[in-house]
Amino acid sequence: MLAFQFINHQIKQARRSTIWQKSLALNILLIFVAFILLAEAVGLSLLLAFSWHEIVKESEVLTSFYQLTAWYFVGSFVIRFFMQQLPALEIRHYQSFPIKKSTLIHFMLIKGKFNFFTLISLILFTPFAFKQIGYYEGTTAAWIWLAGVMFFDLTINYLVIWLKKLMVTNLKTVSLVLGFIGLLVLGEYLGWYVYSELFAGFITAMMENKILWLIPLITFMLVYLINYRFLLDKLYLEELSKAKTDKATGSRFGYLQRYGMIGEIMLLDIKLYLRNKRTKSILFLAPIFLAYGLIFYPNETYSRDGGFMIFVGIFISGFLILNYLQYAFANEGSYWDLIISSRIPKRQYVRAKLITGTAVVVISWFLALPYLYFGQSILIINTATALFNMGLLAPIALYFASYNKKALVLSKGSAFNYQGTSGMHWLITLPAFALPILIYMPFKWFDNPELGVLVIGASGLLGLLLRPAFVKLIENNLEDRKYQMAEGFREKN
Amino acid sequence: MIQINDLKKSYSGTTVLNIPTLSIEKGVNFGLVGNNGAGKTTMFRLLLDLIRADQGEVNINGENVAKSENWKHQLGSYLDQGFLIDFLSPEEYFNFVGKTKGMSTGDIEAFLESMQEFFNGEVLGRKKLIRNLSMGNQQKTGIAAAMMGDPEILVLDEPFNSLDPTTQSRLVKLIKKTQETKGVTFLISSHDLNHIAEVCDRIVVLHEGEVAQDIITGQDTLETLKAYFAV
C-alpha cells in the first residue's frame with residue numbers, strides 16, 4: 001500500500017534527522033508536556049461528564065454545554081491558527097514517480113487530520129456524549145452529537161490548514177480572520193446577537209431533527225474539497241513560480257554599507273527577511289503583536305501594576321527580536337559553510353546580530369509610544385521591559401540560537417514547505433518571558449511594585465553595560481559549536 | 001605551503017579519511033580524484049575547518065586551521081551550494097563576499113569586469129536572484145566569488161560539474177592563467193580525468209580515505225588514471 005510507504009518515509013525522515021537524535025532531552029520534555037496536557041484533558045473531560053449537571057442550572061444542562069462548545073471551537077480555531085503544524089509531504093520526491101497527484105494530496109490532507117488538537121477534542125467530548133447526552137437523549141443521540149461536533153472540529157481543522165496555506169501567499173487573510181473573530185466577540189459583547197446561543201440553538205435543532213447533523217458532515221466535506229482543489233492548483237503553480245523571477249527588495253538600505261562589515265551583515269539580514277516567504281510572514285505578523293496591548297490596556301479588570309502588564313510589555317518589544325535572534329544562525333543555515341569559512345570575524349558577526357536586535361527593540365518601543373494614552377505607568381513598564389529586551393533577552397536568545405541546528409528552509413517558494421513551524425519554539429521562549437516576571441514578583445509581594453519595574457529596567461541597563469562580556473560568551477560558544485551546527489545545517493531538512 | 005599530519009576522520013566507526021602525511025607545495029596545482037565516498041569532500045572540508053578532525057591537523061603556512069583564522073586571508077573556496085546566499089542577486093553576493101575579503105567597490109567592479117568572459121553574459125545584469133539561476137550559472141557564481149580578493153590558494157570541489165562544455169574549457173583556461181599570472185595554487189577535485197590531468201601538476205588518487213596514488217602529471221598521466229579506474 002502506497003499510504004504505508006508514505007507513512008514509513010515520514011517516520012524515517014523524522015527519526016533520522018539530527019534534531020531527533022541529538023536533542024533527545026528536548027524530545028522527552030516535549031513528550032512529557034504533551035502527556036501532561038492529555039492527562040489534563042482526560043481529567044477535565046471526566047469532570048465535565050460526571051458533574052456538569054451539578055455545575056449549571058438543572059433546566060439547561062445541555063444548552064449551556066452547547067454554548068460552551070461554541071466558544072471552545074472559537075478558541076480552538078485561534079490556537080490552531082497560531083500553533084498547529086501544517087501537514088507536509090515533500091511532494092517533489094514523489095512527483096517523478098507514477099503516483100497520482102490526487103493520491104499525494106489525499107495522503108497529505110488525511111495526515112493533517114491526525115493531530116494533537118483533534119485528539120484533545122475527541123477526549124473532551126466523548127465522555128460527555130455518553131454520560132450526559134446519553135442520559136438525557138439516549139445513546140443514539142449521543143453518537144449523532146459526537147459525530148456532529150467532531151465534524152465541526154474537523155471543519156475547523158481543515159479551515160485552518162487552508163487559511164494557513166493561503167496566508168503564505170496572501171497575508172490579508174490573517175487580518176480577515178482576526179477581524180472575524182473580533183466581530184464575533186464584539187457582537188456578543190454589545191448584544192447585537194449571541195453567537196453562542198445561535199450555535200447552541202443549532203445543536204439543539206440537530207438533536208431534534210436528526211437529518212440536520214448532515215450539515216456538519218457537508219461543511220466538513222466542502223472544506224476538505226476546497227483544500228484539495230487548492231493544493232491541486234498549487235501543484236501546477238509550483239512549476240510556474242519557479243520560472244518567475246523574484247524581485248530584489250531591500251536595496252534601499254544600502255547606506256548601512258557605510259558602517260563596514262557590521263553594516264554588511266545587518267544589510268544581509270534585512271534582505272534575508274524581506275526576500276524570503278517565511279521571514280516575510282513573520283514581519284507581517286509583527287504589527288499584530290505590537291497591537292497586543294490594545295487587548296489588555298483598555299480593560300479595567302487587568303490591574304495596571306500587575307505582572308501581566310510586564311508580560312505584555314516584554315511581548316510588544318520582544319516578539320520580533322526573539323524570533324530574529326533565536327533563529328539568527330538557523331536562518332543562515334543554507335550558507336553556513338560560507339559564513340564560517342569567510343574572513344568575517346566572529347565577534348563582528350555576533351555584534352551585528354545584537355545591534356540589529358537592539359535597533360528592532362528601539363523601533364518597537366517608539367511605535368508603542370502611543371500607549372501613553374492608557375497612562376504613564378504603561379509607558380514606564382514598556383520602557384523598562386524594552387531595556388530588559390535589549391540588555392538581557394537579546395543576548396540570551398542569541399546564545400541559545402547556536403542550539404538550533406536545523407537550517408530553516410526559507411527560500412523554497414513552495415506551498416508544501418512548512419518545515420520547522422511548531423509549538424516547540426514557545427517551549428524555549430517561555431522561560432525567557434518568565435524571567436522579568438520572576439524578578440518583579442518578590443517586589444510586588446513586598447508591596448513595592450514600582451521598585452520591581454525599576455529593577456527590571458536596571459537589569460536591562462546592566463545587561464547593556466555587560467554586552468562586551470556577552471558578546472565574548474556567545475562568540476566562544478559559537479566557536480565551540482560551529483562544527484555541530486554545520487553538520488546539522490548540511491542535512492537539508 | 002599546506003601540510004597535513006596524521007589526519008583522520010571517521011563517521012560512526014567507519015574511517016572516511018586517513019592521511020598520515022601529505023604536503024602540497026606552492027605553485028603546484030593539486031588534483032584530487034577518487035570514486036564516490038573516497039573522501040575528497042571530507043578532505044576539503046577538513047582543510048577549510050568546516051568539520052572537526054578526529055585526529056591530526058591541517059596546517060596552512062604553518063598555522064593549524066582549527067586553531068587560527070589568519071589562513072582565511074590566503075584562501076578562497078567553493079565546495080557546494082552551501083557557499084551561496086540564494087536570496088541575493090549575483091551582484092549583491094559578489095559585493096558581500098568582496099567586502100568580507102576587504103575589497104573596495106572599485107576592486108569588485110574591476111574583478112567582475114575581468115570575469116565577463118567566464119560568465120558568458122549569463123550571470124550579471126539579469127535581475128535575477130541566485131536561487132533563480134540555473135545550476136550552471138550558480139556554479140559560475142560560486143567559483144568566481146571564491147576567486148575574489150586574490151587568494152594564494154583556491155579550493156574548488158568538482159568545479160566542472162554542471163558547467164556547459166564551453167564554460168568548462170573557459171574554466172580550464174582561467175585556472176591556468178590565474179596560476180601563471182598570479183601564482184595561485186589550485187586544489188581541485190573532479191571526476192573528469194581529462195580536465196584534471198590538463199590543469200593539475202600533481203594528482204592524488206584517494207581510495208577509501210587513503211592515498212592510493214600520488215602522480216606528478218606527465219605525458220602518460222591520463223592513461224595511468226584511466227587504467228586505474230577501469231573495471
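Reply: Let's start with a crossing of helices: in this predicted model, α15(A) passes α18(A) in a right-handed crossing.

Me: What are the angle and the axis distance for helix α15 and helix α18 of chain A?

Reply: Here is the general idea: two packed helices are described by the angle between their axes and the distance between the axes. In this case, helix α15 (residues 307–326) of chain A packs against helix α18 (residues 376–401) of chain A at an angle of about 30°, and their axes are 8 Å apart. An angle under 35 degrees counts as roughly parallel, and α15(A) and α18(A) are therefore roughly parallel to each other.

Me: Which residues of α15(A) and α18(A) meet?

Reply: On the α15(A) side, they include M309(A), I310(A), G313(A), I314(A), S317(A) and I321(A). Among their partners in α18(A) are I378(A), I381(A), N382(A), T385(A), F388(A) and L393(A). By class, the residues of the contact of α15(A) with α18(A) divide into 16 nonpolar, seven polar and no charged.

Me: How do α17(A) and α18(A) cross?

Reply: The axes of α17(A) and α18(A) come within 10 Å and cross at roughly 155°. Angles over 145 degrees count as roughly antiparallel, and α17(A) and α18(A) are therefore roughly antiparallel to each other. Their crossing is right-handed. From α17(A), the contact includes V350(A), L354(A), V361(A) and W365(A), while α18(A) brings residues including T383(A), A386(A), M390(A) and P395(A). This contact of α17(A) with α18(A) has ten nonpolar, four polar and one charged residues.

Me: And at what angle does helix α17 of chain A cross helix α21 of chain A?

Reply: The axes of helix α17 (residues 346–367) and helix α21 (residues 467–490), both of chain A, come within 9 Å and cross at roughly 125°. That makes α17(A) oblique to α21(A). The crossing of α17(A) and α21(A) is right-handed. Contact residues of α17(A) include R347(A), Y349(A), R351(A) and I355(A), and those of α21(A) include R467(A), V471(A), K472(A) and E475(A). Sorted by class, the residues of the contact of α17(A) with α21(A) divide into seven nonpolar, one polar and seven charged.

Me: Let's turn to a helix in the other chain. Which residues of helix α3 of chain B are buried?

Reply: First, the general idea: an α-helix has 3.6 residues a turn, so residues three or four places apart point the same way. In helix α3 (residues 105–114) of chain B, the buried residues are I108(B), F111(B) and L112(B). Seen down the axis of α3(B), its buried residues fall within an arc of 95°, so they line one face of the helix. They pack against α2 (90–100), α4 (116–119) and α5 (135–146) of chain B. On the other side of α3(B), the residues E109(B), E113(B) and S114(B) are exposed.

Me: Can we look at one residue closely? Is A200(A) buried or exposed?

Reply: Buried means under 20% relative accessible area. A200(A) counts as buried because its relative accessibility is 1%. This residue is found in helix α10 (residues 195–208) of chain A.

Me: Which residues is A200(A) in contact with, leaving aside neighbours within four places in sequence?

Reply: They are T63(A), Y66(A) and Q67(A). For chain A, residues 24 or more positions apart account for 79% of the contacts with a separation of 6 or more.

Me: How many helices and strands does chain A have?

Reply: Its secondary structure comes to 21 helices and zero strands. Of the 493 residues of chain A, 48% count as buried.

Me: What is phi for K127(B)?

Reply: K127(B) has a positive phi of about 55°, although it is not a glycine. K127(B) lies in the loop between α4 and α5 of chain B. With a relative accessible area of 75%, K127(B) is exposed.

Definitions and conventions: Residues are numbered from 1 along each chain as its sequence is written. Chains are lettered from A and ligands numbered from 1 in the order in which they are written. This is a predicted model: local features need pLDDT of at least 70, side-chain atom pairs count only at pLDDT 80 or more; totals for chains, interfaces and linings use all residues. Side-chain values use heavy atoms; hydrogens and water are left out. Buried means under 20% relative accessible area, exposed over 50%, partly exposed in between (1.4 Å probe, protein chains only). Helices (H or I, at least four residues) and strands (E, at least two) are DSSP runs, numbered from the N terminus. The arc is that of the directions from the helix axis to the C-beta atoms. Contact means heavy atoms within 4.5 Å. Axes are lines fitted to C-alpha atoms, for helices over the stretch in contact, and angles run from 0 to 180 degrees between N-to-C directions. Angles under 35 degrees count as roughly parallel, over 145 as roughly antiparallel, 65 to 115 as roughly perpendicular and the rest as oblique. A crossing is left-handed if the near helix is turned anticlockwise from the far one by less than a right angle, and right-handed if clockwise. Ala, Val, Leu, Ile, Met, Phe, Trp, Tyr, Cys and Pro count as nonpolar, Asp, Glu, Lys and Arg as charged, and the others, Gly among them, as polar.
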